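Have the viewer open as you read.

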Amino acid sequence: MITIEVNGKPIEAKPGEMLLTSLRRAGIHVPTLCHMEGLFPSGACRMCVVEVEGRPSLMPSCAFPVVPGLKVKTHSPRATDARRTIIELLLANHPDDCNFCVRNTDCELQRLAAELGIRQRVYMGAKNDYKMDVSSPSIVRDPNKCILCGKCVRVCEEVQGVSAIDFTARGSRTIVGTAFNEGLNVSSCINCGQCVVVCPTGALRERSSISNVVAALEDPKKMVVVQHAPAVSVTLGELLGIKPGKDIMGLMTAAFRALGFNRVFDTSFTADLTIMEEGSELVQRLTQGGVVPMFTSCSPGWIKFIEQFYPEYLPNVSTCKSPQQMMGAVVKSFFAQREGVDPRDIYSVSVMPCTAKKFEATRPEMSRNGVPDIDAVLTTRELAQLIRMRGIDVNSLEPEDADTPFGERSSAGKIFGASGGVMEAALRSAYFLITGKELENLKITPVRGLKGVKEARVKVGDLELGVAVVNGLMNTRRLLDSLKAGRNDLHFIEVMTCPGGCIGGGGQPLGAVQDNVKARMRALYQIDRDAALRTSHHNASVKRLYEEFLGHPLSHKSHELLHTHYAPREVLW
Ligand code: SF4
Ligand code: SF4
Ligand code: SF4
Ligand code: FES
């Protein structure tokens, strides 16, 4: 460590690190707009400028490496004037739309204008009149609110390896757009929502389904059923003023009932069901000479990615539908039959940490006889908004349990919410399916954690399996390219579209605060540590579903309801 001087006081810094990192570690707030943790600085916005002794110009702290003897002023009149001018210029042609904007009270531009004391329009610019892009089932783009910080472009290219959006045109006509300026729906966008999470303004947002869900809840003819993904209960609290990483499963279930949902089911139940189907499929592929490595199939952004960029690997993708879609399918078949309800009278809602799930629910493969398995998908953010809209104080509720027959879960199904969770759950059950014995140590440490790529070799009976876990599709791209180049030591690969898995999904709280993502992950593993039921194959409700309805894993009925196939997809890019 070295010592540098900031605002007349010494602070510790690591030689060579960017000044912004040292400032943040010391608790000194310098505003940023284009900075992205973990990515190379772009220096695009200049909001982070500071005065550095001996330098005639202001320096962007996000791109300025510290050196011994450095003397810095972060909030000198010159630095704050420069920041104020940047925001005043950004506001010159910005729509006067705050009251109607999805980001009102949670907008970086608004917050910085307030922080810098901007209370009148200084520069008058002609307002833009770009068309909104509402073509995607997942994402809405409003280029009029874009401040060209470039974060969406960078996350799409550098984290997701997709490059569906980029800067187009030049000078004052520059906007962020798609190839040929067509709608996102025909672009290579995989609907991951990572651009929404990093966007500082209302230029990008999820396509909201709140009004559809409210209409269904008010329709007396509808039985409204809700399921919630494993990551939601350890995240929702953050949006309702509860500390990050607190599991509020019971309170959330009570909130669903207070909102008027007729049944509350847990997607972790169908995560267990997925493990039974996917684990059996893996065993079948391994023992009967099927295509390996097998890829997991529960992350819909990844599925669209492989359809459009690596279609030659589609035979490697598990035929299992995602847990969301499996739940949708059994709700409108087994459950509808059991309750004596016409599936058309069931309105099936899922709450997901994910925007790509909205796209997945609309896929033609995901409906039967014209009836979609899932009618509406809400993100974690939308659920919080709905709870606030209805004036529900979750802290005043008593915790409640989910409903039968799809309310029981193992903690293996619950850890699906973190990168590595599907792999760990699958290995616990694959071991049992192959050897007939329980895995001695259920905790498979090498596949846990937030690293983008994790690998392990696991002994299962006489087999030694090579397994890999990847999150973020740029990491996945690299792994696929290594397979293309001849790598052949892997048997099973878990792919999660979003960094860290569902806990870092595109439907989660805005800003992607890494400490909060870690807290969500810790909460999931704490649930696993404390659970009595830790393996999917011992979930009694899953066993009952097989006995009463499906028969056995990979049965004809399972294939009809729980499996599907994907095909190569043409997109504009
Ligand atoms: S993006 Fe922010 S500043 Fe712009 S209208 Fe929305 S809330 Fe207001
Ligand atoms: S949703 Fe994902 S793939 Fe689509 S533009 Fe945003 S970051 Fe890119
Ligand atoms: S859409 Fe949002 S993230 Fe992308 S450049 Fe514009 S303001 Fe930045
Ligand atoms: S945050 Fe440093 S230049 Fe944008």
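## Two asparagines with positive phi

Asn-369 sits in the loop that runs between strand S14 (367-368) and strand S15 (371-372). Its phi is positive, about 50°, even though Asn-369 is not a glycine. Keep in mind that this is a predicted model. Is Asn-369 buried or exposed? With 71% relative accessibility, Asn-369 counts as exposed, because the cut-off for that label is over 50%.

Asn-7 is the other case to check: its phi is near 50°, again a positive value in a residue other than glycine. You'll find Asn-7 in the loop between strand S1 (2-6) and strand S2 (9-13). Asn-7 has a relative accessibility of 41%, so it counts as partly exposed. For context, most residues other than glycine have a negative phi.

## Two cis peptide bonds

Val-292 and Pro-293 are joined by a cis peptide bond, with omega about 0°. Pro-293 belongs to the loop between helix H8 (267-287) and strand S12 (294-295).

Thr-404 and Pro-405 are also linked by a cis peptide bond, this time with omega about 10°. Pro-405 is in the loop between helix H12 (380-389) and helix H13 (411-414).

## Around Asp-266

Asp-266 is part of strand S11 (residues 263-266). Its relative accessible area is 3%, so Asp-266 is buried, given that the label needs a value under 20%.

What does Asp-266 touch, leaving out residues up to four places away in sequence? The list is His-228, Met-249, Met-327, Phe-406, Gly-407 and Arg-409. The Asp-266 side chain also reaches the backbone nitrogen of Ser-268, at 2.9 Å. Then there's Ala-402: 136 residues from Asp-266 in sequence, yet 6.8 Å away in space, C-alpha to C-alpha.

## The chain as a whole

Zooming out, the protein chain has 18 helices and 19 strands. Its radius of gyration is 25 Å, close to the 25 Å that the globule rule gives for 573 residues, so the chain is as compact as a globular protein of that length. Along the principal axes, the C-alpha atoms fill a box of roughly 75 × 55 × 50 Å.

Of the 573 residues, 59% are buried. If you take contacts between residues at least 6 apart in sequence, 74% join residues at least 24 apart. The chain exposes about 23,600 Å², with carbon and sulfur atoms supplying 51% of that. On the charge side, there are 67 positive and 62 negative side chains, and the centres of the two sets lie 4 Å apart.

Terms used. Residues are numbered from 1 along each chain as its sequence is written. Chains are lettered from A and ligands numbered from 1 in the order in which they are written. This is a predicted model: local features need pLDDT of at least 70, side-chain atom pairs count only at pLDDT 80 or more; totals for chains, interfaces and linings use all residues. Side-chain values use heavy atoms; hydrogens and water are left out. Helices (H or I, at least four residues) and strands (E, at least two) are DSSP runs, numbered from the N terminus. The radius of gyration is taken over C-alpha atoms; the globule rule is 2.2 Å times the number of residues to the power 0.38. Buried means under 20% relative accessible area, exposed over 50%, partly exposed in between (1.4 Å probe, protein chains only). Contact means heavy atoms within 4.5 Å. Accessible areas come from the Shrake-Rupley method with a 1.4 Å probe; for residues, only the protein chains shown count as cover. Lys and Arg count as positive and Asp and Glu as negative; His and the chain ends are not counted. The place of a charge is taken as NZ of Lys, CZ of Arg, CG of Asp or CD of Glu. A polar contact is a pair of N or O atoms within 3.5 Å; within protein, one must be able to donate a hydrogen and the other to accept it, and residues adjacent in sequence count only if both atoms are side-chain atoms.
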